[in-house]
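Take a look at the model below. The paragraphs after it go through one interface, one chain and a few single residues.

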Amino acid sequence: MPTEPLLPRQIAALLAQTALLALLQSLPLPFDRPQLLVSLAVSVTGMLSLNAAMGFGAVCGVLTDLLGSNGVGCGAVALTLLCAALSHLLHGVLQNRFLTLLSLSLGAAALFHGSYWLFFRALQPESGYLFFFHYLPRILLTWLAALPLYAVNTRLLRRRKHGR
Amino acid sequence: MKRQTRGALRVPLLILALVFTACTFGGVLSGGFNTLFGSIAEQTAAAAAAWNRPSDDALLSENRRLTEENSRLKAALAGYAEAKDENEKLWRFYDMKKDTPALSLKPAAVLRRGADDDCGAFTLGVGEADGVSVNDPVVTENGLIGRVTRVDAAACSVSTVLSPDLSVSVTDRQSGGSGVLSGTAALADSGRTAVTLLSGSSKMKTGDFLYTSGAGGVYPKNLFVGTITEVSQERVLAKPCEDIGAVTFAAVITDFSGKGVPHLAD
């Protein structure tokens, strides 16, 4: 489990990514988009310690809620717990590899969007339509967005591991 | 061993406690966030609006459509002028004044459309500091488009007339029919909404205009809501007064005569 503290420039890079993705996520565009902050939190979870992953998940979750219309709550709690669970699985149970993260990040995206749909939309009329035509694309887009972010952050955080 | 476990659990529990605290004081946090970053959001919203601007062909086609609609409305206005004249005479005859509801408007730009916003929901850059409160109606220059569902110090979230979260009591002046306007996810994708619980629906026809009835005291009376596009035995479909996805500027009605006073529609 990586326990070394992050270097200041790595923290700065993570914060810069967070700010940039928050800005992109908040653009008032009228079509389905990925939850970029969820993608970022999920993609870096395997490279951080449990506490750091959980903390970063909490920050991304709170930001996701602040950038949405529903108030701080569901997203923040869900992403904090998801990052904690992913970190535990990647460091303690499963092998921390790209393929593992690929499947786990899909599950995480599905859980994040699926739980929101289940708690807030499932009882509305035509909730099935909403799920298939809006939430499913969001799940896939959030998952796909995690892949390039994983590639970028693997490079950023690998240097820390090798002390370069 | 127990001490080690306790030590390991301390940080995750602290993080969870912080998240729950953030949830509890979500309004304050959200207000502070929107106050701090509101101007950045306005800049990005303006950039996105410029990027979304329609092409010259689309503008020409829109212009043609509006010219046609203008001539149709001018013809309708001739009838309206006669009715108005007659109405004025009647009011004068009875020495009464027509009660015109006064509207207090707070205009603002659309700050954001969240990635998890359904049915055209968006965030407007006015909040509690401007006198906005939950359930206030939201309009554009063309008519009613939604209602405030959440508010903090500097911004408010708006659910639109395309959403199933909203129910607006409407009347069709041409036919005298009335009903409740509320959306669904599938209709929202085609930019339409439905009118249900109808009375006098048999007389409603395509092209009729829908206005708020004022029943319930949530929305001011006589605000234009949309145009009927389809009439069937089961339901009536309507197109809202605005292309909700393209709205970049709107206003919140913070006060109007009859606000919060439930009364029956005429």
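**Where the chains meet**

In this predicted model, 40 residues of chain B are in contact with 38 residues of chain A (contact means heavy atoms within 4.5 Å). Within chain B, B:A115, B:D116 and B:D118 lose the most area to chain A, together 18% of what that side buries. The size of an interface is often given as the accessible area lost when the parts come together. Here the buried area between chain B and chain A is about 3400 Å², with 62% given by carbon and sulfur atoms; buried area is the accessible area (1.4 Å probe) that two parts lose on being put together, summed over both.

Three salt bridges are found across the interface of chain B and chain A, a salt bridge being a side-chain nitrogen of Lys or Arg within 4 Å of a carboxyl oxygen of Asp or Glu. The side chains of A:R121 and B:D118 form a salt bridge, at 2.6 Å from N to O. On the side of chain B that touches chain A, α1 (2–24), α2 (26–51), β1 (103–112), β2 (122–124) and α4 (185–189) of chain B each supply at least two residues. By class, that side of chain B has 23 nonpolar, nine polar and eight charged residues. Ala, Val, Leu, Ile, Met, Phe, Trp, Tyr, Cys and Pro count as nonpolar, Asp, Glu, Lys and Arg as charged, and the others, Gly among them, as polar.

Chain B has four helices and 12 strands; helices (H or I, at least four residues) and strands (E, at least two) are DSSP runs, numbered from the N terminus. Of its 266 residues, 39% count as buried. Buried means under 20% relative accessible area, exposed over 50%, and partly exposed in between (1.4 Å probe, protein chains only).

In chain A, A:S39 sits in helix α2 (residues 36–45). A:S39 is buried, with a relative accessible area of 1%. Leaving out residues up to four places away in sequence, A:S39 touches A:T142, A:A145, A:A146 and A:L149.

Most residues other than glycine have a negative phi. B:N135, which is not a glycine, has a positive phi of about 80°. B:N135 is in the loop between β2 and β3 (137–140) of chain B and is partly exposed, at 38% relative accessible area. B:N222 also has a positive phi, near 70°. B:N222 lies in the loop between β9 (209–212) and β10 (224–231) of chain B, and at 40% relative accessibility counts as partly exposed.

Residues are numbered from 1 along each chain as its sequence is written, and chains are lettered from A and ligands numbered from 1 in the order in which they are written. Local features need pLDDT of at least 70, side-chain atom pairs count only at pLDDT 80 or more, and totals for chains, interfaces and linings use all residues, while side-chain values use heavy atoms, with hydrogens and water left out.
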